[in-house]
Amino acid sequence: GIVLNDRYVVAATYPAKVRSVNVREGQHMKAGSILVELESAEMLKDISELSARASELAIRETQLRNRRATVVSLLPLAQRHASESNTQTGRLDTITERGLVSAQRMDQALTSEYGAVSRLIELKGQSDALVEELTLVERSRTKVQAALVQLENFYDNGIMKAKVAGSVGARIPVAGQVVKVGDELLQINSGQAYIIAYLPDIYLFKVNPGAPVRVTGGAHHITGEVETILTVADALPAEFQNMFRPRDRSRLVRVKLPEDHGFAVSQKIRVSGCIAGWC
């Protein structure tokens with residue numbers, strides 16, 4: 001069998017170059033500790049473009065608010081002008097019937113009323129259009145700002161932190177190394193160790209969960225406990241295979257280890273059964 005535990009893979013989520021490495025093999029890290037620092041021109045470009053877009057939308061929003069404030073300020077005057085022009089035209093209509101107002105004077109009054117009403121309608125239309133445009137710009141700016149915050153948090157200045165507490169694996173990146181999306185940077189081994197044992201097909205005795213077993217690795221040995229009999233068979237690792245025989249598969253058994261087991265992660269061990277207290 002092989003000694004294992006839960007592994008958390010720290011992988012590159014964007015193209016980058018390793019700026020610095022803050023861990024070493026086997027070092028125990030707390031959750032939130034800084035593991036690796038990356039630098040990515042691509043991420044910085046995306047952040048810069050979103051920042052510029054957010055600034056443009058903020059400026060546009062300010063301009064629209066100023067224009068709408070101006071229109072809102074002019075609307076009462078335009079309404080009053082249109083109302084007074086209408087009243088004046090009505091008075092002139094009454095006087096015209098008596099023949100006291102010239103046609104030229106009446107034409108001037110109608111032209112003035114038309115201009116006042118047109119201006120009022122134009123201002124109302126501008127106000128409605130500005131409200132709609134302002135709403136769209138506000139929504140766009142909110143989305144861009146949220147995307148920018150999310151991208152900045154995602155990049156986090158290139159800092160990669162440990163999501164879980166545990167020991168750093170044997171593979172460590174080096175400063176200056178270029179990585180692509182999905183490239184594994186390192187692994188963190190966390191949680192209680194356990195054993196996956198490969199049960200030979202020729203095994204003659206029944207194995208039950210809870211049964212004690214003897215775990216041996218070199219000169220070190222302890223007593224473990226069968227945790228579960230897995231309902232799958234898996235190919236033996238290359239170091240367990242016989243090169244002169246077809247590729248073997250065996251049923252898997254998971255063995256629970258005590259906390260002070262003393263074995264190394266990925267160490268190859270041997271599991272033996274126990275009978276009547278003798279292992």
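**Note on salt bridges and a buried asparagine**

1. The whole structure holds 11 salt bridges. The model is a predicted one.

2. Glu37 and Arg19 join through their side chains in a salt bridge, with an N to O distance of 3.3 Å. Glu37 belongs to strand S4 (residues 34-39) and Arg19 to strand S2 (residues 16-21), so this pair ties together parts 18 residues apart in sequence. Arg19 is partly exposed, at a relative accessible area of 36%.

3. A salt bridge also forms between the side chains of Glu61 and Arg141, at 2.5 Å, N to O. This pair links distant parts of the chain. Glu61 sits in helix H1 (residues 41-97), Arg141 in helix H2 (residues 103-155), and 80 residues separate them. Glu61 is buried, with 8% relative accessibility. Arg141 is partly exposed, at 26%.

4. Arg119 pairs with Glu122 in a salt bridge; their closest N and O atoms are 3.5 Å apart. Both residues lie in helix H2, 3 residues apart, which means about one helical turn between them. Arg119 is partly exposed at 35% relative accessibility. Glu122 is partly exposed too, at 41%.

5. Asn189 lies in strand S8 (residues 184-199). Its relative accessibility is 10%; buried means under 20%, so Asn189 counts as buried. Beyond neighbours within four places in sequence, Asn189 contacts Asn5, Asp6 and Arg7, then Ala165, Gly166, Ser167, Val168 and Gly169, and also Val265.

Technical notes
Residues are numbered from 1 along each chain as its sequence is written. This is a predicted model: local features need pLDDT of at least 70, side-chain atom pairs count only at pLDDT 80 or more; totals for chains, interfaces and linings use all residues. Side-chain values use heavy atoms; hydrogens and water are left out. Helices (H or I, at least four residues) and strands (E, at least two) are DSSP runs, numbered from the N terminus. Buried means under 20% relative accessible area, exposed over 50%, partly exposed in between (1.4 Å probe, protein chains only). Contact means heavy atoms within 4.5 Å. A salt bridge is a side-chain nitrogen of Lys or Arg within 4 Å of a carboxyl oxygen of Asp or Glu.
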